[in-house]
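Student: I'd like to talk through some ring contacts and the labels they get. Could you take me from the values to the names?

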Amino acid sequence: MADTIYPPERTALLLVDPYNDFLSEGGKIFPRLKPIAERVGLLENLRRLKKAVRAAGVQLVIVPHRRWEPGDYEDWDHPNPTQRSIMKTHSFARGEWGGEWHSDFGPEPGDLVASEHWSQSGFANTNLDMLLKQKGITHVILAGLLANTCIESTARFAMELGYHVTLVRDATAAFSHEMMHAAHELNGPTFAHAIHTAAEVTAALAQARPVSAVA
């Protein structure tokens, strides 16, 4: 894993669910993940990754969760536990501050924004795969939230679709140490091609060669 090469023209950073409710003080979900986020340096490492992909010419893709609207899930036969929670808390509500991008991680010119995912995989029932394939992307680096739900589900789906998958262990967070351990020590090694720190990924991006020079 230490020798992972990211061809700039074929690599994308998938930034999953960078909403205020997840990443900002005052967000509805932030208090639950704040201890882990602070321990791993989540915000600092997300900023580091963003800066590195900009410098390397790597595509940034925002992979957003469904923004809650009145009526969502209420007449579904079997909403999952997360969706039932969203029904109560109205997390990521459309038109509200919590459902807006964190000020440091919203889309900028040249970025892509995938259609919103209803559950945990950023690929299921969205246009994410199409967006990536139209850009010739073969390698995806995942960062954002949560490590053991949307990050893991999106990464697993990416592997099934044939992408090279990298997890960034300190550019994500979860509600407990046990969840982080499961995501990166137990589950991640069964599907991810690489599991790195943000420092390791940024170093690899800085040394990346143009796609035409990659053996």
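Tutor: Gladly! Let's start with accessibility: buried means under 20% relative accessible area, exposed means over 50%, and partly exposed lies in between. Keep in mind that this is a predicted model.

Student: Why is Trp118 called partly exposed?

Tutor: Its relative accessible area is 30%. That value falls between the 20% and 50% cut-offs, so Trp118 is partly exposed.

Student: And what makes Tyr73 count as buried?

Tutor: Tyr73 has 1% relative accessibility, which is under 20%, so it counts as buried.

Student: How many aromatic pairs does a search of the whole structure find?

Tutor: It finds eight aromatic pairs. One of them joins Tyr73 and Trp118, with 5.7 Å centre to centre and 90 degrees between the planes.

Student: Why is the pair of Tyr73 and Trp118 called edge-to-face?

Tutor: The centres are 5.7 Å apart, within the 6.5 Å limit, so the rings pair; the planes are at 90 degrees, over 60, so the label is edge-to-face.

Student: What parts does this pair tie together?

Tutor: Tyr73 lies in the loop between β2 and α4 and Trp118 in the loop between β3 and α5, so the pair ties together parts that are 45 residues apart in sequence.

Student: What makes the pair of Trp76 and Trp118 tilted?

Tutor: Here the centres are 5.4 Å apart and the planes 40 degrees.

Student: How do you know that the charged end of Arg32 sits over the ring of Phe175?

Tutor: The distance to the ring centre is 3.8 Å, within the 6 Å limit. The label also requires a position within 35 degrees of the ring normal.

Methods:
Residues numbered from 1 in each chain as written. Predicted model: local features only at pLDDT ≥ 70, side-chain atom pairs only at ≥ 80, totals over all residues. Heavy atoms only, no water. Phe/Tyr/Trp six-rings, centres within 6.5 Å; stacked < 30°, edge-to-face > 60°. Helix = DSSP H or I, 4+ residues; strand = E, 2+ residues; numbered from the N terminus. Buried < 20%, exposed > 50% of the residue type's maximum accessible area, 1.4 Å probe, protein only.
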